[in-house]
Amino acid sequence: QKHDQFMPSVAAGPDGTVYFVSTAQILYAFTRDGRRKWTFAPGGNPTGAPAVGWDGTLCVGFGSTLYSLTPNGTARWQYSASSPLGAGGPAIGADGTIYFGASDERVYALSATGSNKWSYAANFRVNAPPALDTNGNIYVGLDSGSIQVLNPQGIRLWGYSTLRSLESSAIIGADGTVYVSSDRLYALTAA
């Protein structure tokens, strides 16, 4: 029997459902009043927090596979990457595009139906879920200490190196300032 511990990152759906993964390789869905709705256990180590789209669609990684689920826990599709998914989990854009990193040092964009839209050679491991701004740009923190900013088509717009590994997602302020932390807090603006 596996010892089950909940991982620290959670996600909430538009209906208040709370989603989280455990070390026993299980995704849990709980109602806002604490009742378990369902579980999903496809096998493989969880790769970070699940992400929830505006319509309640859920994406979560286990091993080298990203799964898309309906709000009731039914699998919609799965995408198998050539290597284990990156730490932190995916992010879902306003148009339903799913963004994530993998240990092959690439950032991937999948359509809402699971087809590959593009991939970007980051050349370093992605350590956290990508962050998205209101223009659909993708902010990816890398093991090299670099943050790379990609447009919705996967083209690099700009980057900045902190020289220390970035272990958390960027935060984008209302004024467009990008905050990242490594050995200190950095506040960045596009030049």
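A pocket here is an open set of points on a 1 Å grid over the protein atoms alone, where a 1.4 Å probe fits and protein lies on both sides within 12 Å along at least five of seven lines; its lining residues have an atom within 4 Å of a point. The model is predicted, and its local features need pLDDT of at least 70. Residues are numbered from 1 along each chain.

Let us start with the largest pocket, which is lined by 18 residues, with Ala91, Ile92, Gly93, Ala94 and Leu132 nearest its centre. Strands β5 (51–52) and β9 (91–92) each give two or more residues to this lining; strands are DSSP runs of E, at least two residues long, numbered from the N terminus.

The second largest pocket has 13 lining residues, and those nearest its centre are Asp133, Asn135, Tyr139, Ile172 and Gly176.

Now to the rings. The structure holds twelve aromatic pairs, meaning rings of Phe, Tyr and Trp (its six-membered ring) with centres within 6.5 Å; planes under 30 degrees apart count as stacked, over 60 as edge-to-face and the rest as tilted. Phe62 and Tyr67 are edge-to-face because their planes stand at 65°, with the ring centres 6.3 Å apart. Both Phe62 and Tyr67 are buried, where buried means under 20% relative accessible area with a 1.4 Å probe, protein chains only.

Tyr79 and Tyr108 make a tilted pair, 6.4 Å centre to centre and 55° between the planes. Tyr79 sits in strand β8 (residues 75–80) and Tyr108 in strand β11 (residues 106–110), so this pair ties together parts 29 residues apart in sequence. Tyr108 is buried, with a relative accessible area of 7%.

Terms used:
This is a predicted model: local features need pLDDT of at least 70, side-chain atom pairs count only at pLDDT 80 or more; totals for chains, interfaces and linings use all residues. Side-chain values use heavy atoms; hydrogens and water are left out. Buried means under 20% relative accessible area, exposed over 50%, partly exposed in between (1.4 Å probe, protein chains only). Helices (H or I, at least four residues) and strands (E, at least two) are DSSP runs, numbered from the N terminus.
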